[in-house]
Amino acid sequence: MAALIPLASSALLLWTFVPGLVAALFGRFSVGAAVWDSMRTVLGTALVAFPPGLAGALFLRELAAPTTRRRLKPAIEVAAAVPTVVWGWFALVALAPALRGVVPGTGQSAWPLASLTVGLMVLPTFLTLADDALAAVPQSYREAAYALGADRWTAARWVVLPAAAWGLTSAAALAMARAMGEAMIVLVVGRALAGAAQNSLATLPASLLGAILESPGNWAEARALGGTLLAATLGLGGVSRLLQQRSPGRVP
Amino acid sequence: MRLSGRDRSVWLAGVAGLIFIFGAMLWLGLAAASGASVAGQSLAAAPGLGAAIAGTAGLLGLALLFSSPVALAAAIYLEELSPPAWLARLLSWNLTALAAVPSVVWGLAAVLVSGEMAAGHVSLWLGGLVLGAVMLPIELVVARDALRAVPRSAREAAWALGATQWQALWRVVVPATLPSLMTGLGLAVARAVGEAAPLLVLGAWLRGGLPVDPVRAYTSLPVLLYGELGEGAAEPGARGALVALLLMGAALGASSGAMIVRYRRQQRVSE
C-alpha cells in the first residue's frame with residue numbers, strides 16, 4: 001500500500017500539470033521568454049560548474065590518495081547542503097561586489113551573477129555525481145592500463161575518462177535539471193537588480209514564483225509555467241537515468 | 001597513510017576553497033550581525049524570528065512524520081517483499097522522476113489540488129506535506145540502499161532460527177539499517193530546512209508580526225530571509241545576515257551529522 005503513495009503523487013503531478021503544459025504548447029500563454037532565460041541560465045551554470053567539477057572528480061577518484069578522498073568527499077557532500085536562499089543572500093552580499101570588481105559592468109546585470117551563483121551551488125552536487133560515474137568504471141580497466149605501462153594520469157585521461165563518458169553526461173544532465181529548477185537564487189538576484197530592465201532575468205521557476213507573489217490568483221499562468229518546468233526537469237532526469245543505465249563504454 | 005606532496009597541495013587547495021567560501025559567508029554574516037548589536041538593535045527581539053524558528057521546527061516535524069514511514073514502507077516493499085518485476089521497474093523509474101521534480105512545482109501542485117486557495121488561508125499541515133514530498137525521494141533512496149546492504153546471510157540466519165519473514169525483517173534487518181536510515185533523515189532535513197520557494201507559493205507569512213494561529217499563518221527561516229532580501233535593496237541588513245547564518249548552521253549541521261554517521265559506519269564495516 002505505502003509503496004503506492006509515491007506513484008499516486010506522480011499521478012497527481014501529471015494530472016495537475018499536463019493541462020498547463022498543453023496550454024503552454026498551444027500558445028495560450030507565452031512561456032518562450034522564460035524558457036529562453038532558463039536555457040541561458042543553465043548554460044552559464046554549466047560553464048561555471050562543469051570544468052572544476054570534472055577536474056575535482058578526476059582528482060578525487062583517480063589521482064588522490066585514499067586518505068585524501070576519505071577526508072574531502074564528506075566535506076564536499078556537506079557543502080551541497082547550503083540552502084539556495086542563503087546562496088541568494090551570498091550573491092548579493094559578496095558575489096555581486098566581487099564580480100563588479102573583477103569584470104567591470106557585470107555586477108549590475110542579472111545573467112552573469114545568477115549563472116555564477118547557481119554554478120557554485122550546483123558544483124558540489126555535480127562533483128559528487130561525476131565521482132560516482134568514475135567509480136562505476138571497473139577496476140580491471142585501470143589495471144589493464146597500468147599493465148601496459150600507463151601511469152595514473154595517463155590511465156585516467158585515456159582509459160577511465162572515455163569509459164565514463166556516458167556516466168559523466170548523465171551526471172551533467174542531472175546537475176542541469178537541478179539548475180533548471182532553481183527558483184530562489186534567480187528570484188533574489190533578479191529582484192535586487194530590478195532597476196535596469198534590459199538586465200532582467202526570469203527563468204521558468206522564478207517567473208512562476210514572481211507571477212504568484214505579484215498577482216495572487218493568477219493560477220492559469222502559473223500552471224502553464226509549472227507544466228513546462230516539470231516537463232523540462234523530468235526530461236533531463238529521464239535522459240540522465242537512461243544514460244546511467246549504459247554500461248561503461250568501450251575505450252576507442 | 002601519509003599524503004604525498006602533490007596530494008597534499010591539491011588537498012589544501014580544495015579545503016582552502018571550501019573554507020574561503022564558507023568563511024566569507026560566516027564572516028560577512030557575523031560582521032553584519034555584530035554591527036547591528038553594537039548599534040543597539042536587539043536582534044533576538046527581531047520581529048518574526050521566533051515565529052520563523054517555531055514555524056521551521058513545526059514544518060520539519062510534520063514533514064518527517066508524513067514522509068519517513070512512507071519511505072521506509074516503500075523501501076521494504078521494493079527490496080524485501082519481491083514485487084513483480086514490472087512494478088519494481090515502474091517504482092524505480094517513478095523514484096527517479098520524483099527526485100527530479102523542483103520543489104516549487106510541489107508547492108504549486110499542493111495549492112492547485114487543495115482548491116486554489118486564496119492568499120491568507122494557509123496551513124502548516126499543507127506546508128509540512130509539501131516539504132515531506134521534497135524529503136521522500138531522498139529518504140527512499142537511502143533506505144533502499146541500506147536494506148540492500150544487509151547481507152542475505154543475516155536473513156538466512158534468522159530464518160534458520162525459526163523466525164518468520166516479518167520477524168526477521170523487524171528484529172534483524174531493519175535494526176541493522178538504523179544508522180543509514182538516520183543518515184537519510186539528516187540529508188532530508190538538510191534539504192528541506194532551506195526550502196523557501198514552495199512555502200512562498202503556499203502563502204507563508206513574509207515578514208513582521210507573530211502569527212499565533214498556525215492554521216491560518218506561519219513563517220519559516222528561509223521565507224523570512226527572502227523577506228529580508230526581497231526589498232529591492234542591494235545590501236541586505238543585519239537581520240538578513242543573522243537569518244542566513246542560522247539557516248546555514250541548521251542545514252550544514254544536519255548534513256554533517258548525516259555524513260559522520262555514514263562514514264563512521266563505512267569505516268567500521270571495512271575494518
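Select B:Thr183 first. B:Thr183 is buried, at a relative accessible area of 4%. Buried means under 20% relative accessible area, exposed over 50%, and partly exposed in between, with a 1.4 Å probe and protein chains only. This is a predicted model: local features need pLDDT of at least 70, side-chain atom pairs count only at pLDDT 80 or more, and totals for chains, interfaces and linings use all residues. Residues are numbered from 1 along each chain as its sequence is written, chains are lettered from A and ligands numbered from 1 in the order in which they are written, and side-chain values use heavy atoms, without hydrogens and water.

Stay on B:Thr183. Its helix is α7 (residues 165–193) of chain B. Helices (H or I, at least four residues) and strands (E, at least two) are DSSP runs, numbered from the N terminus. Leaving aside neighbours within four places in sequence, B:Thr183 is in contact with B:Ala258, B:Val261 and B:Arg262. Contact means heavy atoms within 4.5 Å.

Now show chain B as a whole. Chain B has 10 helices and zero strands. Of its 271 residues, 49% are buried. Take the contacts in chain B between residues at least 6 apart in sequence: 77% of them join residues at least 24 apart.

Next, display both chains. How many residues of chain B are in contact with chain A? The count is 72, against 67 residues of chain A. The area buried between the two chains is about 6000 Å², and carbon and sulfur atoms give 78% of that. Buried area is the accessible area (1.4 Å probe) that two parts lose on being put together, summed over both. Color helix α10 (residues 238–270) of chain B: it gives the most to the side of chain B that touches chain A, with 13 residues. That side of chain B has 55 nonpolar, 11 polar and six charged residues. Here Ala, Val, Leu, Ile, Met, Phe, Trp, Tyr, Cys and Pro count as nonpolar, Asp, Glu, Lys and Arg as charged, and the others, Gly among them, as polar. Between chain B and chain A there are zero salt bridges. A salt bridge is a side-chain nitrogen of Lys or Arg within 4 Å of a carboxyl oxygen of Asp or Glu.

Go to A:Leu13, in helix α1 (residues 4–25) of chain A. A:Leu13 is buried, at 3% relative accessible area. Not counting residues up to four places away in sequence, A:Leu13 touches A:Leu230, B:Val101, B:Val105, B:Trp106 and B:Ala109. A:Leu13 and A:Leu230 are 217 residues apart in sequence, yet 8.8 Å apart in space, C-alpha to C-alpha.

Select helix α9 (residues 184–192) of chain A. Eight of its nine residues are buried, so this helix is largely enclosed by the rest of the structure. The cover over those buried residues includes α4 (84–102) of chain A and α8 (197–201) of chain B.

Finish with the salt bridges. Pick A:Lys73 and A:Asp132, whose side chains meet at 3.6 Å, N to O. A:Lys73 lies in helix α3 (residues 66–79) and A:Asp132 in helix α5 of chain A, so the pair ties together parts 59 residues apart in sequence. A:Lys73 is buried at 12%, whereas A:Asp132 is partly exposed at 40%.

Then try B:Arg152 and B:Glu156, with closest N and O atoms 3.1 Å apart. Both lie in helix α6 (residues 152–160) of chain B, four residues apart, about one turn of the helix.
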